Amino acid sequence: MFTGIIEELGTVESLDLLDGDAARLTIRGPKVTEDAGHGDSISVNGCCLTVIEHGDGTFTADVMRETLQRTSLGSVEKGSKVNLERAVAAHARLGGHIVQGHVDGVGTIASREPAEHWELVRIAAPAEILRYVAEKGSIAVDGVSLTVTDVDDATGTFGISLIPTTLELTVLGQNKIGDTVNLEVDVIAKYVERLLTASAQPGQAGGIA
């Protein structure tokens, strides 16, 4: 589990395709690898990946076809910057919100409006993702825990406000209009929908004891 509070900007060292349906990704991230071990989880642009090799400030992870198809990791290349976060420790503060690192889909940067002390960004999202997005709710964008400022169902977009720290320390400060971003909605919303759907089905229990 992650919090959506990015620890550092990493750099892609290589992305090697394996038989066309998987890839091996090597990333330089001195901070997140300082205590890394084989089998540890590290969030890369919001995708939970498992460390298979590490050393000299880098780590390597296998990326399966499902991840390549459903996230933006398939488009990274050598030199690309990526958001990195280690799995949260049990004793740590939960500074953002509960982020699983299980990307629900990708969105597109629709617009950017710089202001004096922050930047307003609109993201276009598929209807199957937008249904879970709520004003003042939480969403992870490329692994960054953010608060939704508004939702516009007519245009299929939602807004977020980025403070200077987020612009400086994450890839969201570098993304351009048209760039794709990984989206993970609040897991609580998905469980609530699942419970309501199940309880409405004939023959299903109507509640929880």
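How many bridges join strand β9 to strand β10, and in which sense do the two strands run? In this predicted model, strand β9 covers residues 138–141 and strand β10 covers residues 144–152, and the two run antiparallel, joined by 4 bridges.

From β10 the reader can move on to strand β11, which spans residues 157–162 and runs antiparallel to β10, with 4 bridges joining the two. Among the residues that face one another across these strands, Asp152 has Thr157 of β11 as its bridge partner, while Val151 has Phe158 of β11 as its own. The hairpin of β10 and β11 has 4 residues between the strands, and within this hairpin it is Gly156 that takes a positive phi, near 70°.

Strand β11 also pairs with strand β8, which is made up of residues 119–124, and this pairing is again in the antiparallel sense, over 6 bridges. Within it, Arg122 has Gly159 of β11 as its bridge partner.

Is β11, then, largely enclosed or largely open? Of the 6 residues of β11, 5 are buried, so the strand is largely enclosed by the rest of the structure, where buried means a relative accessible area under 20%. Taken together, β11 is joined by 4 bridges to β10 and pairs over 6 bridges with β8.

Terms used:
Residues are numbered from 1 along each chain as its sequence is written. This is a predicted model: local features need pLDDT of at least 70, side-chain atom pairs count only at pLDDT 80 or more; totals for chains, interfaces and linings use all residues. Side-chain values use heavy atoms; hydrogens and water are left out. Two strands pair if DSSP finds at least two bridges between them. Buried means under 20% relative accessible area, exposed over 50%, partly exposed in between (1.4 Å probe, protein chains only).
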